[in-house]
Each structure stands twice: as C-alpha cells, then as structure tokens.
Amino acid sequence: MSDRDFAGLKETARETGAGSFGCTPRHVAVIMDGNGRWAARRGLPRLEGHRRGVEALRRAVRASIELGVGYLTVYSFSVENWTRPKEEVQSLMVLLHRFIHNDLAELSANNVRVRVIGARAGLTSDVLALLRQAEEITRDNTGLTLVVAFNYGARQEIAAAARGLAEAVAAGELSPADIDADALASRLYTADIPDPDLIIRTSGEKRLSNFLLWQSAYTEFVFLPIHWPDFDKAALEAAIAEFAHRDRRFGGLESGMRNAKTAS
Ligand code: FPP
C-alpha cells in the first residue's frame, strides 16, 4: 500500500467513523515490524525503537477494545529473534518484563484476557513465571483476548503438533485414518482461538516470517507503509477499512460471504 493509499484509507475511516464499517474483524493479528528502522531514521538506538514499539502496542490494545475486536495477536518475539545480538535480545526481554509488570493491572481492569503462544522450553524461570502470571490473573476476563506470540515459530508449532499426533498413533490412542486438518489444528497453541481474519504487517515488508502459517489459510493481509512505533488507532481503522473491501470466498465461488458475515 502506498503512502497515498494509506492516507486515503485513513480519511475514509475517519469519515465513516470508528467501528462503523459493519465488519470489524473478530481476530486481528499484527507483525509489529520496523522498530529498528524507525529509530535509525531518527539517529536513535534500536532499543528506543522497541521502547516506542511498546507504546504503539498499548495504543493497539486500546484501539482494539474501542473498535470491538475480539482477539488481538501480536508477534512480540520469534524463535528466530534469538539470533539477534545478545544486548538486543536482553532489551526485548526487559521490555516484555516491564510491559507485563506495569500494564497487567490496567489490562485486567479493562477486562483483557492475556494468552501467550510459543515454545516455553528454553525460557528462563523468571520469564516463564511472568507469562504464567499474566495468563492466570486475567483468565476469567471476557473482553479482548490479547494473544502474545512469544518465542513463537509457526513451523515449529506445526512440527510439534505433528509429533504429538505421531506419538498418539504410536501409543495406540489414535488411528492414522483419524488424522485430518481438525486433528492437527487441535494440537496447535491456538486450538481454542479462531483463525485470524486480518493480519497487519507494518514497515512495508510483505512476508509472514514464520507467523501463524497454518491459521492464516484464509486470512486477509494488509501491509501498512508505516513503522510500528507510528501505529495508532487511525492506522488500525485504515487497515479495517481495507479489510472491509475484501470479498472473502473461503475457496468457494459465492461472493456473498462478505466480511460482515464473519464478523463477531
Ligand atoms: C520488529 O522490528 C520488532 C520486533 C522483533 C519486536 C517487537 C517488539 C515490540 C514491539 C516490543 C516488545 C513487545 C512486548 C510484548 C513488550 P525490527 O527490530 O525487526 O525492526 P527493523 O526491521 O526496522 O530492524
């Protein structure tokens, strides 16, 4: 999407009014890309980009609540992100720590339920305790579900699910004939979470980067020409305005399956 198209969409969203598209996606997932470039453009350290990225995350949560999104999934740390310089990995861990420590009470007061998806193996005990605490404290909340993809990789998730099925077959608990798409999906981290309707990636890059590969079979993608620290409610509204124009047919021929029908 060009800067001009983005400006136009924001204008359309502003004129139409927040949340009035009649088709707010039930599940929005976000690849929060461009923190480093945002910082570099301003001559700032990368960490400052990530720090401002956390502020953008707060705005995204608030906007999702206001617009009636049911699930917001954020890609906060991938299994591949461990290959970044040690100091940057350490800074991202500190930011996660601070985010949960400082924001959990407010998230809970806003009826947000926190879920964490990703591999737990290899995480330090303090990070594990933090993630567990966030899930437990907010378990009974019924508003927005904030799904934090942390130490997440879609290929690893699918491989683990396949391994689980193979083990069940080896143990005689499952017949190979029973293995279908539903059986595999039931062993993913997202087993009880609906597939994303909309995936937004900021920074202009157009790839999935090992994010929700299975779950995005029929997801609509919107690529925004802004870096993540600049993300705000207007950007979410613009992405939803673009989503509203898409005609989702889920592999069928009928163009009648409009987004409005799949909205929560
Ligand atoms: C991509 O930007 C962003 C990340 C790898 C991390 C995203 C993390 C945050 C927004 C903050 C921490 C999250 C939580 C939940 C507290 P990049 O560094 O790849 O940017 P670049 O491509 O411009 O270098």
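Guide: Here it is; note that this is a predicted model. A place to begin is the shell around the ligand, which by class has nine nonpolar, eight polar and two charged residues.

Visitor: Which residues come nearest to the ligand?

Guide: Gly36, Arg37, Gly53, Ser76 and Phe99 come nearest, out of the 19 residues around the ligand.

Visitor: And which helices supply at least two residues of that shell?

Guide: Helix H2 (35-41), helix H3 (46-67) and H4 each do.

Visitor: Let's stay with H3 and H4. At what angle do their axes cross?

Guide: The H3 and H4 axes cross at roughly 30° and come within 10 Å. That angle falls under the 35 degrees used as the limit, so H3 is roughly parallel to H4.

Visitor: Is the crossing left-handed or right-handed?

Guide: H3 passes H4 in a right-handed crossing. On the H3 side the contact is made by Arg46, Leu47, His50, Arg51, Val54 and Arg58, and on the H4 side by Glu88, Ser91, Leu92, Leu95, Phe99 and Asp103.

Visitor: How many of those are charged?

Guide: Five are charged, alongside five nonpolar and two polar residues, in the contact of H3 with H4.

Visitor: Is Glu55 buried or exposed?

Guide: Glu55 counts as exposed, because it has 12 C-beta neighbours inside 10 Å, and 12 or fewer is the cut-off for that class.

Visitor: What about Arg52, buried or exposed?

Guide: Arg52, which is also placed in helix H3, is buried, with 20 other C-beta atoms within 10 Å.

Visitor: What does Arg52 touch?

Guide: Leaving out residues up to four places away in sequence, Arg52 touches Trp38 and Pro229. Arg52 and Asp230 are 178 residues apart in sequence, yet their C-alpha atoms are 8.4 Å apart in space.

Visitor: Back to helix pairs. How do the axes of H3 and H8 cross?

Guide: The axes of H3 and helix H8 (residues 233-245) cross at roughly 55° and come within 9 Å. That makes H3 oblique to H8. H3 passes H8 in a right-handed crossing.

Visitor: Which residues meet there?

Guide: From H3 there are Arg59, Ala60, Ala63, Glu66 and Leu67, and they meet Lys233, Leu236 and Ile240 in H8. By class, this contact of H3 with H8 divides into five nonpolar, no polar and three charged residues.

Visitor: And H4 with H5, at what angle do they cross?

Guide: Helix H4 (residues 86-109) and helix H5 (residues 125-137) have axes that cross at roughly 20° and come within 10 Å. H4 and H5 are therefore roughly parallel to each other.

Visitor: Left-handed or right-handed?

Guide: The crossing of H4 and H5 is left-handed. H4 brings Met93, His97, Ile100, Leu104 and Ser108 to the contact, and H5 brings Val127, Leu130, Ala134 and Ile137.

Visitor: What classes of residue are in that one?

Guide: The contact of H4 with H5 has seven nonpolar and two polar residues, and no charged ones.

Visitor: Changing topic to the strands. Where is Ser209, and what is its phi?

Guide: Ser209 is in the loop between strand E5 (198-201) and E6. Its phi is near 50°, a positive value in a residue other than glycine. Ser209 counts as partly exposed, with 15 C-beta neighbours inside 10 Å.

Visitor: What about phi of Asn210?

Guide: Asn210 has a positive phi of about 65°, although it is not a glycine. Asn210 lies in the loop between E5 and E6, and is partly exposed, with 16 other C-beta atoms within 10 Å.

Visitor: Last one: where is Phe221 found?

Guide: Phe221 is found in strand E6 (residues 220-223). Phe221 is partly exposed, with 19 other C-beta atoms within 10 Å; a residue counts as buried at 20 or more. Phe221 and Asp197 are 24 residues apart in sequence and 8.6 Å apart in space, C-alpha to C-alpha.

Methods:
Residues are numbered from 1 along each chain as its sequence is written. This is a predicted model: local features need pLDDT of at least 70, side-chain atom pairs count only at pLDDT 80 or more; totals for chains, interfaces and linings use all residues. Axes are lines fitted to C-alpha atoms, for helices over the stretch in contact, and angles run from 0 to 180 degrees between N-to-C directions. Helices (H or I, at least four residues) and strands (E, at least two) are DSSP runs, numbered from the N terminus. Angles under 35 degrees count as roughly parallel, over 145 as roughly antiparallel, 65 to 115 as roughly perpendicular and the rest as oblique. A crossing is left-handed if the near helix is turned anticlockwise from the far one by less than a right angle, and right-handed if clockwise. Two residues are in contact if their C-beta atoms, placed from the backbone, lie within 7 Å. Ala, Val, Leu, Ile, Met, Phe, Trp, Tyr, Cys and Pro count as nonpolar, Asp, Glu, Lys and Arg as charged, and the others, Gly among them, as polar. A residue is near a molecule or strand if its C-beta atom, placed from the backbone, lies within 6 Å of it.
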